[in-house]
Amino acid sequence: MAEDGIEARFSGRLGEFRLDVAFTAPARGITGLFGPSGCGKTTLLRCLAGLTRMDGRLSLGGEVWQDAREFVPPHRRHAAYVFQDADLFSHLSVRGNLEFGLRRAGTQAATGLDEVVALLSLEGLLARSTAKLSGGERQRVAIGRALLSQPRLLLLDEPLAGLDAAAKAEILPYLERLHDTLAIPVIHVSHDLAEIARLADQLIVMKAGRVVASGPCKAGVVGGGATEDVRAMLEAQEPDVVTGLALAALMAGLAPVGSSPAFPTSLVPPRSPRLA
Amino acid sequence: MSDLAEVVLLTLKLAGLTTLILLVLATPLAWWLARSKGWWSEVVAAVTALPIVLPPTVLGFYLLIALGPKSPLMYLLAPLGVRTLAFTFAGLVIGSVIYSLPFAVQPIRNAFAAMGERPLEAAATLRASPLDAFFSVALPLARPGLLTAAILVFAHTIGEFGVVLMIGGGIPGQTKVVSIEIYQLVEALDWGRAHLLAAGLVAFAFAVMLFTFLMERRFGRMRP
């Protein structure tokens with residue numbers, strides 16, 4: 001799995017904070033990166049993109065992006081990053097934003113503008129100024145912009161965290177569609193377990209700068225290796241009943257059946273087998 | 001009347017040239033100042049801000065020495081056939097550039113600092129090299145700052161008196177600008193023509209400030 005996927009190991013300090021992580025992720029599918037605020041999720045994501053530099057080693061599909069001798073700068077990594085607040089270029093229209101990465105990807109562009117516009121339903125937005133978009137629309141454009149740069153790795157930094165419930169509901173189906181069409185690894189950072197349960201194939205749980213558990217979602221969080229410590233942390237983070245139940249199912253490796261009215265089945269959908 | 005036109009044209013030429021040179025010089029300097037984390041960048045910032053607090057005569061005095069025939073600078077320029085820049089138009093341009101430097105650096109630096117690191121990081125993850133990101137993202141986002149800098153420098157250069165008096169001397173067709181001409185017309189008790197030039201400058205200053213505020217309103221509304 002590590003051969004053609006991501007192999008990462010980082011350690012370093014940022015002020016008081018200390019990051020010390022190692023993990024692998026498959027070459028396809030969504031890896032959920034979960035943990036409480038301040039646990040180092042975003043720092044880890046920035047290390048993967050090359051925006052923050054710490055000691056360590058990183059390779060994707062056998063190609064080394066960082067080791068003791070080498071550090072590939074962000075613009076040569078082809079790791080697209082969707083920031084929490086979208087960060088669209090305000091001096092460009094929606095179309096200008098979408099084409100920013102596309103124009104720089106050269107002739108090797110396999111994903112076209114029309115394709116992404118259709119995937120994310122951006123038809124009506126193309127000529128608009130970025131200032132006139134809703135939060136959900138901004139995130140859709142940011143995701144489209146990232147996809148059009150023809151990335152080899154897609155990093156999503158809490159893309160839904162700044163959105164209200166309605167906007168979240170608007171974006172989630174697009175992320176699910178992404179999951180089914182993308183042939184690259186996706187790292188999806190979130191502190192919302194329900195969101196991760198719905199999207200991710202694999203889960204990495206972080207706490208205080210360390211990976212405390214990881215494993216495929218379907219088989220339970222850590223394949224039976226979940227410690228009481230992790231269990232307590234996850235439950236403390238997500239106190240509401242529905243996600244608590246989702247968590248329990250996740251950890252037990254059970255896909256829930258729709259028998260209980262308190263438990264929406266959509267929370268933990270059966271994964272498509274080709275991506276598992 | 002034609003000598004008044006000559007004075008006005010020379011003044012516009014000086015201000016235009018100074019603005020052009022300063023935009024090219026101050027932009028990379030402001031970029032560095034906005035992004036440098038070392039304390040010594042503040043030393044450089046303080047030096048570039050000196051003309052704001054120094055009396056123009058002090059600046060003009062040192063410029064006169066630096067551009068005069070006995071300065072080390074002229075020694076370096078001697079092989080090119082330049083013996084002095086004092087009391088020449090080129091000297092006036094150099095003096096104006098130094099005098100107006102802070103008015104160009106400050107707004108551009110603020111614009112670069114205000115946009116933060118994020119747009120450049122986004123550009124990098126979208127395959128833009130640092131140089132590419134500077135031209136395709138940082139400069140367009142700093143447009144309001146660049147415009148403010150251009151307006152301030154142009155207007156400030158037109159209004160300067162002390163420095164041009166010290167290093168220019170008021171030679172007709174070469175270094176005699178509007179502010180010097182007004183002074184000399186008043187000395188010669190030619191109040192009518194002094195009025196004409198002075199009223200013209202007031203109208204010009206008002207137009208510049210109005211334009212600036214209107215542009216700021218427009219850019220302000222464009223921001224999300």
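Let me begin with a definition: two residues are in contact if their C-beta atoms, placed from the backbone, lie within 7 Å. In chain A, if we take the contacts with a separation of 6 or more, residues 24 or more positions apart account for 67% of them.

What we are looking at is a predicted model, in which local features need pLDDT of at least 70 and side-chain atom pairs count only at pLDDT 80 or more, while totals for chains, interfaces and linings use all residues. Residues are numbered from 1 along each chain as its sequence is written, and chains are lettered from A and ligands numbered from 1 in the order in which they are written. The model scores ipTM 0.80 and pTM 0.81. For chain B the mean pLDDT, which is the predictor's confidence in each residue from 0 to 100, is 90, and 97% of the residues of chain B reach 70 or more.

Let me turn to chain A, which has eight helices and 10 strands, where helices (H or I, at least four residues) and strands (E, at least two) are DSSP runs numbered from the N terminus. Of its 276 residues, 41% count as buried, meaning that 20 or more other C-beta atoms lie within 10 Å of a residue's own.

How are two packed helices described? The angle between their axes and the distance between the axes are used. Here, helix α2 (residues 94-104) and helix α4 (residues 135-148) of chain A pack at an angle of about 25 degrees, with their axes 6 Å apart; axes are lines fitted to C-alpha atoms, for helices over the stretch in contact, and angles run from 0 to 180 degrees between N-to-C directions. α2(A) and α4(A) are therefore roughly parallel to each other, a term for angles under 35 degrees. Among the residues that meet are A:V94 and A:F100 in α2(A), and A:V141 and A:L148 in α4(A).

Next, consider A:S190, which is found in strand β8 (residues 185-190) of chain A. Is A:S190 buried or exposed? A:S190 is buried, because 22 other C-beta atoms lie within 10 Å. Leaving aside neighbours within four places in sequence, A:S190 is in contact with A:G32, A:F34, A:E158, A:E195 and A:I196. The C-alpha atoms of A:S190 and A:P159 are separated by 8.1 Å, although these residues are 31 residues apart along the chain.

Finally, the contact between the chains takes 21 residues from chain A and 16 residues from chain B. On the side of chain A that touches chain B, β6 (79-82) and α2 each supply at least two residues.

Terms used
Parallel < 35°, antiparallel > 145°, perpendicular 65-115°, else oblique. Buried ≥ 20, exposed ≤ 12 C-beta atoms within 10 Å, placed from the backbone.
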